[in-house]
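Welcome, and thanks for stopping by. Please take a moment to look over the sequence and the model before reading on.

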Amino acid sequence: MAAGLIGGAALGEAFSLLSGTVQVAVKEARMFKSILKRLKSTLDSVKPLVEEIGCLNRQVGRREEDVKRLIEEMNKGKELVLKCSKISWWNCRKKSQYLSKLHELKEDIDRFFQVETLAGVNAIRQNSLGVSYGGLSSLSCAVPRPPGFIVGLDVHMKELKMQLLKEKVSLLVLTAPGGCGKTTLVKMLCQDEEIKGKFENIFFVLVSKTPNLKVIVEKLFRHKGNDQVPEFQTDEDAINQLEQLLNQIEGSILLILDDVWSGSESLLEKFEFNMPNYKILATSRTAFPRFSFTYKLQPLNDEDAMTLFRHSAALQDGSSLIRDKDIKKILKVCGGFPLALKVIGRSLCGQSTEVLKSWVKKWSSGHSILDSNRDLLGCLKKSLDFVDDEVIKKCFLDLGLFPEDQRIPVAALIDMWAELYELDQEGIDAIAKLHEITSRNLASLVVARKDTSDVGNYYSEDFVLQHDLLRELAIHQSSQEPIEQRKRLIMDISGNNLPKWTEQKQQPLGARLLSISTDETFSSSWCNIEPSEVEVLVLNFQTKNYKVPEFVEKMDKLKVLIVTNYGFFHAELGNFQLLEYVPHLKKIRLEKVSIPSLCKAPIRLRSLKKLSLFMCNIGEAFRSCTILVSDALPNLMEINMDYCNDLVELPAGLCNIVSLKKLSITNCHKLSAMPEEIGNVVNLEVLWLKSCTDLQELPESIRSLHKLSILDISDCLSIRKLPKYIGELRDLKELHMEGCLRLRNHLPPSTLDLEQLELVTCDEERAKLWEPIKDSLTNLKVEVAEKDINLNWLPVHDF
């Protein structure tokens, strides 16, 4: 069976038969009614995806055998549902068997569509869904799975479940200090069969410190398959429409609001609706007195703490490296907090006996219990004592420059660290530092691509996650000196409430790194500061209109600018012309903004070497130019455009920048053509066009790129052939073409002239096209790449 048929018609037919059968059974069933209603809810939620796959007539994001298996499961499921209606009420044995099979069917469909199929289809449907990376955009409200190793939470889970299921409880707050395992406990609870039987619909939403109510409601609409979400006029409007949505949902509902901060009690109250079979479970570091029902999660007891610590430190029972009485001294310092146990245990892993004894001796005089987050921070601070490399310590502290609960793009870190710490520009050294940080459980590095053939060069979709508490540790460590002396200055502005120190007469700041985060009510009324030493400026905001701060023109030493919009809509970026006065600005990264014209004003960025545009509207950036783009950006060496929805054709003016060495245009699904002028970029060494699904072909002028060494056209679904004269790319060493499903013709004869070609990655069908070529190109290696399942846009939380 052809892949397209499997991905489209066959899957749609199997789904329709199963869905219709379940719909009838729900109305007529005497038994199994609860599980059938949950199965119906699951099928309703994935129906738009099945229809979309059918319209695309392509294989979904999995291997063919997995899709076949799902179709078989659906066909068997239809027969299973029919048999259920015939089971007699007294036949307990068969009732139990069929109930178990129905649960398995529902979980199989959940797992396939909520995780893997969504990721596979994401590249095609990205524009219609409006995905947004760091939010690419956390659209799913499904409950994440708990971690693989859990200890000490079974009793808490039973107690929490008992309290939640009480009839009089409509809102329950699970509270404990950061790092105690609140989110893990909630994930465990949602895996419990009794809870799944009680609540047909469970929604999981991360709230965090600065919640945006409209975005939360939008996520819930998206999760229920509502692609066309109205633009809510006010928070009240959003809540009213959410109540209408919930009233239309069949079955009982559990809404989980994770990580609610102090001061957000009113937010919880807004989600309280007078509805039967509707409950809220919130997690918070704060116990809110105004709510009647609270469950306090206690730290681990000594036995469980010992188990977790031994697991984290990879200590076998009876290990001679460290004695139990010494471990108990460490546990006393950690106070039973799972995160502290895990971080410190991992730090001790693999250390010599002498080192272990040395640290145990130091810790034995520490606090006997951790009474507050500040004490826990002091405990976690000890994990930094194991980091001998000062650069790694600095890199860890730099993670605090980015907002809480947001993904930190690896590409942004590479830009920063290359300039600050003289790491290589390609990112290999930076990735090594990140691995050092994550190996100590101080953060988590998520590599989006499973294909590692170009892992040394492609970081556009990779990101770093950091637990809230570890972020606080980084900020705490960066804030020990007076404001004027800090090397990292982090400003978190709520509304227009500027820090009090900005009201005083300003002294020149000594910070090399400056991070300013503002919320959706900020009016761009900037304070007057003297950031003359700043080399890296990180601007995080949420408003629809945003201005680059006026004091930027005073930043004579600024090298890297990172501007990120965390709001739902694209933002208009003002004051961009001020960057012309920054003499040493080398790198700009903009995310989710509408770029003003770079050359109409004009704006000359003479020192700029790298321009990265992520999820930006760039339609106006290079239009109506009064000067040549090459004059505005005379020394530009690298351009990255990722998820830029309005990019239909690359502006020809960019092709006159002869200094350009790397051009990356990825996930730009409307890009249909590359200009013939691309042949003018004669110094181009790397050309990435990954996942540009509408791109029809490569222009023949590409033959002039004699320095091109890497060409990536992976997942360019519309490309049918390689350029006729591709053989003139005499320096080409790597060609990545996996996912080019329409490229079925014989390769051009000139392919035989690619004497420097060392690596081709493709799928099995395309690999056959290279078989005749391999006899002539003796250094060529053809790798069949596994299907890449990209999960980077799904919500991830907790460590």
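Is Cys-716 buried or exposed? Cys-716 is buried, because its relative accessible area is 0%; here, buried means under 20% relative accessible area, exposed means over 50%, and partly exposed lies in between (1.4 Å probe, protein chains only).

Before going further, a word on what you are looking at. This is a predicted model, in which local features need pLDDT of at least 70 and side-chain atom pairs count only at pLDDT 80 or more, while totals for chains, interfaces and linings use all residues. Residues are numbered from 1 along each chain as its sequence is written, and side-chain values use heavy atoms, with hydrogens and water left out.

You will find Cys-716 in the loop between S21 and strand S22 (734-736). Helices (H or I, at least four residues) and strands (E, at least two) are DSSP runs, numbered from the N terminus. Leaving aside neighbours within four places in sequence, Cys-716 is in contact (heavy atoms within 4.5 Å) with Leu-689, Ser-691, Cys-692, Leu-695, Gly-739 and Cys-740. For one of these, Leu-695, the C-alpha atom is separated from that of Cys-716 by 6.4 Å, although the two residues are 21 residues apart along the chain.

**The chain as a whole**

Stepping back, the protein chain has 21 helices and 24 strands. Of its 799 residues, 57% count as buried. Among contacts with a separation of 6 or more, 69% come from residues 24 or more positions apart. The chain exposes about 34,100 Å², and carbon and sulfur atoms supply 47% of that area; accessible areas come from the Shrake-Rupley method with a 1.4 Å probe, and for residues only the protein chains shown count as cover.

Helix H13 (residues 338-348) is largely enclosed by the rest of the structure, because 9 of its 11 residues are buried. Among them are Pro-338, Leu-341, Ile-344 and Leu-348.

Helix H18 (residues 428-439) holds Lys-433. This lysine is buried, with a relative accessible area of 16%. Not counting residues up to four places away in sequence, Lys-433 touches Asp-389, Val-391, Ile-392, Cys-395 and Leu-423.

**Charged pairs**

Side chains of opposite charge can pair when their charged atoms come close. A salt bridge is a side-chain nitrogen of Lys or Arg within 4 Å of a carboxyl oxygen of Asp or Glu, and a search of the whole structure finds 27 of them.

| Salt bridge | N to O distance |
|---|---|
| Arg-589 and Glu-591 | 3.4 Å |
| Glu-638 and Lys-662 | 3.3 Å |
| Glu-783 and Lys-781 | 3.1 Å |

Glu-783 is partly exposed, with a relative accessible area of 27%, and Lys-781 is partly exposed as well, at 49%. Salt bridges that share partners also join Asp-415, Lys-610, Glu-638 and Lys-662 into one network.

**A negative patch**

Lastly, Glu-649, Glu-676, Glu-677 and Glu-697 gather in a patch of negative charge on the surface. Patches are made of residues with over 30% relative accessible area and no salt bridge, with like charges joined within 9 Å and nonpolar side chains (Val, Leu, Ile, Met, Phe, Trp, Tyr) within 5 Å. One member, Glu-697, is found in the loop between strand S20 (686-688) and strand S21 (710-712). Glu-697 is partly exposed, with a relative accessible area of 44%.

Technical notes. Lys and Arg count as positive and Asp and Glu as negative; His and the chain ends are not counted. The place of a charge is taken as NZ of Lys, CZ of Arg, CG of Asp or CD of Glu.
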